[in-house]
Amino acid sequence: MANNLLIVESPAKAKTIEKILGNEFEVKSCFGHIRDLEKGDMGIDVENKFEPRYIIPGDKQKVVSELKKVAKKTKEIWLATDEDREGEAISWHLCEVLGLDPKTTKRIVFHEITKPAIKKAVASPRLLDMNLVNAQQARRVIDRIVGFELSPVLWRKMSMGNSLSAGRVQSVAVRLIAEREREINSFIPQVHFKIEAFFNEKDIQGKSVIFKAEGSKQSTSALAEKFLSSCIKAQYTVKDIQVKPAKKSPAAPFTTSTLQQEASRKLGYSVSKTMLIAQKLYESGNITYMRTDSVNLSETAMTEISNQITSQFGDKYFQKRIYKNKNESAQEAHEAIRPTYIQNAEIEDYETKRLYEMIWKRTMASQMADAELEKTIAKIDISTNHEELTAQGEVIKFDGFLKVYREDTDEEEMDDDNSNMLPPLKVNQVLHFKEMRATEKFSRAAPRYTEASLVKKLEELGIGRPSTYAPTISTIQKRGYVEKRSKEGTPRDFQIFLLKNDEVQKERGTENTGVEKNKLFPSDLGLVVTDFLTQHFEDIMDYGFTAKIEEEFDEIADGKQAWNNMVAHFYTPFKKDVENTLENAERAKGERELGKSPSGKRVIARMGRFGPMIQIGETNAEEKPEFAKLKTGQSIETISLEEAMELFKLPRNIGQFEDQDVIINIGRFGPYVSHDKKFYSLQKEMDPYTVSFEEIVPLIIEKRKAKEERTIKIFEKEKIQILKGPYGPYIKQGLRNYKLSKEQQEKAAEITLEEAKGIIEHLKANPPKKKSNKKKK
């Protein structure tokens with residue numbers, strides 16, 4: 001038995017560190033958090049300075065029990081949980097559970113899992129920082145108070161069932177997405193005409209090249225046509241040439257948020273996938289700690305990077321740079337995300353390889369020289385109207401950091417790139433005109449958020465911290481307030497005026513507009529809940545207020561404020577808002593009147609228990625109202641009366657197959673076809689409103705065959721089936737499945753009706769214990 005027990009959060013991290021420390025240390029994992037607030041009640045004693053009531057969850061009892069056993073036999077216990085506030089809080093919980101004294105227990109932190117870093121940490125342990133623990137505790141307590149107090153308000157004031165919930169940061173994130181959606185829906189595109197002239201000249205090798213020059217935008221089609229007409233028979237002369245040096249500088253090394261943004265742009269990763277891979281890279285010793293808002297690099301790292309750049313590319317490519325954080329409170333970790341060994345340009349592991357290479361390139365580029373450019377701007381005079389055209393060219397004279405890495409940009413930052421290579425030009429040179437175009441252009445609304453651009457916005461507003469971005473985005477999607485999906489564009493015609501051979505012609509083109517890929521859309525539920533919370537809980541939904549709460553957590557971490565005082569200042573006005581809303585607020589209907597049906601009944605779009613729907617008629621009328629579920633991509637806020645009436649075409653009888661009606665409809669679990677008293681789900685690509693008889697018949701045959709192949713026995717009257725499953729035979733009655741033991745599976749074909757009933761009754765009375773699917777951290 002080793003004399004020292006070192007406790008970390010994850011088994012992968014434990015394995016890596018144990019190899020480094022050798023026989024003197026036994027390294028064990030606590031698998032993330034080992035205690036949490038009580039679930040049944042709020043878990044906070046409001047009257048006693050907001051004292052939290054912690055419990056060890058059922059799925060952590062075994063872990064804690066094993067740690068206690070090992071701890072009893074060990075001389076000294078070391079805590080080596082992550083270096084952020086959450087990690088500090090886990091170390092404190094370990095002290096509480098294992099009976100350790102926080103004032104004497106050794107605590108070590110490190111930014112990277114390398115031999116030098118671990119050895120250095122062990123050589124200079126510190127004590128637990130209770131300010132960091134209290135900052136994390138304040139966050140946990142306030143978030144629990146908000147969720148516990150707000151959720152019942154939503155249950156009572158909204159008619160969408162008792163599954164609604166609200167969170168402090170999550171609700172603000174949904175508001176950002178909801179406001180952007182409404183901005184897009186109300187956006188009216190502005191039209192202008194872009195003027196582009198194309199010329200044919202010789203390059204330095206004597207080859208003909210075409211380059212373009214742009215004129216002033218024209219606001220209407222009449223002005224655009226008039227401008228082109230005024231250029232008929234014109235001579236185009238170079239009036240002025242300016243050559244200006246320019247430079248581009250590299251971006252800072254990665255923080256958590258910039259890593260998430262760039263991994264989304266370059267690799268198409270979700271925020272949660274990026275963090276999962278980054279955690280693996282950290283735990284395997286390949287990169288530094290991945291939850292950080294610092295852009296700092298250690299002196300040792302900078303020396304290694306300098307050596308790598310000069311040996312790989314030469315001295316002229318190196319430029320020492322020290323980056324400063326825009327966010328003054330950046331303190332959750334003390335270094336940017338970088339490779340632990342810069343000489344490793346790539347790693348073998350396929351799953352983590354691409355993210356690692358991106359981190360390596362960004363780190364290298366951050367200490368490299370500027371890219372040097374030469375910008376040429378040529379002004380061209382039009383003889384017939386003396387208007388001016390501008391041609392711009394850009395040449396890279398020295399690539400600098402671009403040799404390794406180029407940062408991508410978000411959609412909202414993208415602009416038409418007017419830079420192109422220009423042939424050699426001289427002042428007073430008469431150019432060879434080819435053609436001129438005036439193309440109709442439409443202004444664009446701000447794009448919907450991607451996961452990464454939402455992280456960027458939250459960071460800009462000072463909302464959340466590196467450890468909260470991924471869980472926030474994951475939670476708002478799980479709760480059904482936001483959905484990540486793509487949207488097909490719609491065709492749009494545009495006008496083109498073309499001046500060629502001294503003649504202006506009018507043409508038409510078509511473009512696909514409004515295409516969205518993997519964007520965040522608010523659901524109707526998200527919009528209704530956001531409106532209700534914004535109306536009744538102004539502070540909670542205010543961006544500035546939410547950012548101020550984050551600043552107060554930072555003050556607690558710095559020891560400038562007592563955590564329970566901060567919670568008390570928050571709680572008193574918040575509780576008043578809760579009581580006032582419960583007493584005085586009207587129920588949120590979440591409905592919009594669309595007009596009248598052909599029969600004269602009122603048509604409304606509204607939220608129901610199972611989602612957004614259309615209702616024809618009144619609930620209190622003698623005749624029952626009709627209901628139809630909205631399609632994916634449709635919204636209560638934007639659906640038209642015509643689109644709503646289309647939804648009532650279901651159920652559709654599309655013909656007869658084997659003398660039985662084939663009926664298409666939508667149920668609780670999505671679109672389906674019913675045939676001969678059997679129900680089969682439609683394939684994802686099948687639209688229930690347009691799918692044809694010819695498409696459905698093969699589906700029925702295929703599904704029926706698959707069902708027959710996995711059917712062992714059927715008791716029709718009792719609706720009991722014995723079926724083959726991926727884990728062996730099982731019993732199904734109605735919609736419920738019942739697992740068979742190994743012995744029962746072996747004799748599944750011999751099970752009688754009475755035995756099947758007995759098995760069902762036994763399993764109802766003694767349901768198997770569910771395995772916990774909680775993520776460790």
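User: What does it take for two strands to pair?
Analyst: Two strands pair if DSSP finds at least two bridges between them. Strands are DSSP runs of E with at least two residues, and helices are runs of H or I with at least four; both are numbered from the N terminus. Here, Leu373 has Ile396 in β13 as its bridge partner. Strands β12 (residues 371-382) and β13 (residues 388-398) run antiparallel, joined by 10 bridges.

User: What kind of model is this?
Analyst: The model is predicted: local features need pLDDT of at least 70, side-chain atom pairs count only at pLDDT 80 or more, and totals for chains, interfaces and linings use all residues. Residues are numbered from 1 along each chain as its sequence is written, and side-chain values use heavy atoms, with hydrogens and water left out.

User: What do β12 and β13 form, and which residue in the turn has a positive phi?
Analyst: They form a hairpin, with five residues between the strands. His386 in the turn has a positive phi of about 55 degrees.

User: In what order do the strands of the open sheet lie?
Analyst: The order is β2-β1-β7-β8, four strands with parallel pairing. β2 (25-29) and β8 (106-107) stand at the edges. Each has a single partner strand, so one side of each has no neighbour in the sheet. Strand β1 (residues 4-8) pairs with β2 over five bridges, in the parallel sense.

User: How is a pair of aromatic rings described?
Analyst: By the distance of the centres and the angle of the planes. Rings of Phe, Tyr and Trp (its six-membered ring) pair if their centres lie within 6.5 Å; planes under 30 degrees apart are stacked, over 60 edge-to-face, and the rest tilted. This structure holds 15 such pairs. One of them, Phe199 with Phe433, is edge-to-face, at 6.0 Å centre to centre and 65 degrees between the planes. The pair links distant parts of the chain: Phe199 is in strand β9 (residues 191-202), Phe433 is in strand β14 (residues 433-442), and they are 234 residues apart. Phe199, Phe211, Tyr236 and Phe433 form one aromatic cluster.

User: Are Phe199 and Phe433 buried or partly exposed?
Analyst: Start with the cut-offs: buried is under 20% relative accessible area, exposed is over 50%, and partly exposed is in between (1.4 Å probe, protein chains only). Phe199 counts as buried because its relative accessibility is 0%. Phe433, at 28%, counts as partly exposed. Of the 777 residues of the protein chain, 48% count as buried.

User: Where does the charged end of Arg180 sit?
Analyst: It sits over the ring of Tyr449, 4.3 Å from its centre. The rule: NZ of Lys or CZ of Arg must be within 6 Å of the ring centre and within 35 degrees of the ring normal. Arg35 lies over the face of Trp92, at 5.6 Å from the ring centre.

User: Which residues of helix α20 are buried?
Analyst: In α20, Leu753, Ala756, Ile759, Ile760 and Leu763 are buried. They cover an arc of only 125 degrees around the axis (taken from the directions from the helix axis to the C-beta atoms), so they lie on the same side of α20. The face turned away carries the exposed residues Glu754, Glu761 and Ala765.

User: What do the buried residues of α20 pack against?
Analyst: They pack against β27 (711-715), β28 (720-723), β29 (730-733), β30 (736-739) and α19 (742-746). Contact means heavy atoms within 4.5 Å.
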